[in-house]
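Here is my note on the model you sent. Please keep the sequence and the 3D view open while you go through the points.

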Amino acid sequence: MKRLTLFIPALLLSAMLVSCGGTPKTFYYSLSYDMPENTSGTIPVTIGVKKFEADIVYSGDRIVYRDSPYELQYYHYRRWAAAPRKIVNDQVLKQMQASGAFESVVGLPSTAQPDYILQAKVNALEEWDEANAWYGNVTIAFELMDVSSRKLVWRKEINERTPASEREPLAVVKAISESLKNVVDSAITDMSQTLKAQATNKLIENILFFFKSCGL
């Protein structure tokens, strides 16, 4: 009898929603921004980008918002147009290709043979609320592996939190876009520096090996 008592108010509420125009409209969002230009030259390597992973919190399409690391909530009618890990994966791939920092950047699987494989996990893609402002919060953990040696050559978790121009969802999505751009730009810079240093070290090793083999 208790279940029936609870069911009747729910049925009445549903009927009221229909009579008042139905359920609220659902809004869908994606990420977009102008691609930064590369000013540090092109490294002659091919990087393969694996499909990204994401924390289970961001596995669905509902946009997350929170004001504490201990509690989160979801918008019911504000959703991503695709799974967050796919949206981020696509943007990172486009930004790395547009940067010109590397000779070639391909999504995996691919017929191209990469020199390095980049994999990443989305650890935050959300609205962060504080007393006087809302922010677009993005955290991604990156790993870059040398295909020939099977060794990890670079690893870094990068976070960016950009203030939204207004305290409303569309402004937050724009802030999340800006945060993602900055995260990827920082990753490209770090990877470039690592690969340049690695190339220099290999050159030095080859020169030393040459002199040693010649008995010098």
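1. Start with one term. Buried means under 20% relative accessible area, exposed means over 50%, and partly exposed is in between (1.4 Å probe, protein chains only). Now look at helix 2. Its buried residues are Pro84, Ile87, Val88, Asn89, Gln91, Val92, Leu93, Gln95, Met96 and Ser99.

2. A word on the basis. This is a predicted model, in which local features need pLDDT of at least 70 and side-chain atom pairs count only at pLDDT 80 or more, while totals for chains, interfaces and linings use all residues. Residues are numbered from 1 along each chain as its sequence is written, and side-chain values use heavy atoms, with hydrogens and water left out.

3. Next, the layout. The chain has three helices and nine strands. Both kinds of element are DSSP runs, numbered from the N terminus: helices are H or I with at least four residues, strands are E with at least two. Read from the N terminus, the order is α-β-β-β-β-β-α-β-β-β-β-α.

4. Some totals for the chain. It has 216 residues, and 37% of them are buried. The accessible surface is about 13,100 Å² (Shrake-Rupley method, 1.4 Å probe; for residues, only the protein chains shown count as cover). Carbon and sulfur atoms hold 55% of that surface. Contact means heavy atoms within 4.5 Å. Take the contacts with a separation of 6 or more: 71% of them join residues 24 or more positions apart.

5. Back to helix 2. How many residues does helix 2 have, and how far does it reach? It has 16 residues and spans 22 Å from its first C-alpha to its last, close to the 22 Å expected at 1.5 Å a residue. The expected span is 1.5 Å times one less than the number of residues. Gly100 follows the helix, and its phi is positive, near 70°.

6. Lys86 is partly exposed at 46% relative accessibility. Asp90 is partly exposed too, at 35%.

7. The count of salt bridges comes to seven. Another of them joins Glu143 and Arg155, with the closest N and O atoms 3.1 Å apart. Glu143 is in strand 8 (residues 134-146) and Arg155 in strand 9 (residues 151-163), so the pair ties together parts twelve residues apart in sequence. Glu143 is partly exposed at 24%, whereas Arg155 is exposed at 58%.

8. Strand 9 takes part in one more. Lys156 forms a salt bridge with Asp190, and the closest N and O atoms are 2.8 Å apart. This pair links distant parts of the chain: Lys156 in strand 9 and Asp190 in helix 3 (residues 169-213), 34 residues apart. Lys156 is partly exposed at 33%. Asp190 counts as buried at 18%.

9. Now the interior. A nonpolar core is a set of buried Ala, Val, Leu, Ile, Met, Phe, Trp, Tyr and Cys residues joined through side-chain atoms within 4.5 Å. Which residues touch the most other members of the largest core? They are Met96 and Phe102, out of 44 residues. Helix 3 gives the largest share, twelve residues. A second, separate core has five residues, including Val106, Leu108, Met145 and Val147.

10. Check Phe102 in the viewer. Leaving out residues up to four places away in sequence, Phe102 touches Thr42, Ile43, Val45, Ile47, Met96, Ile188, Met191, Ser192 and Leu195.

11. Ser68 is in strand 4 (residues 62-68) and is buried at 17%. A polar atom of its side chain lies 3.0 Å from the backbone nitrogen of Tyr70. Ala81 sits in the loop between strand 5 and helix 2 and is exposed at 56%. Beyond residues up to four places away in sequence, Ala81 touches Tyr28, Tyr29 and Ile87.

Note on methods
Polar contact = N/O pair within 3.5 Å; in protein donor to acceptor, adjacent residues only side chain to side chain. Salt bridge = Lys/Arg side-chain N within 4 Å of Asp/Glu carboxyl O.
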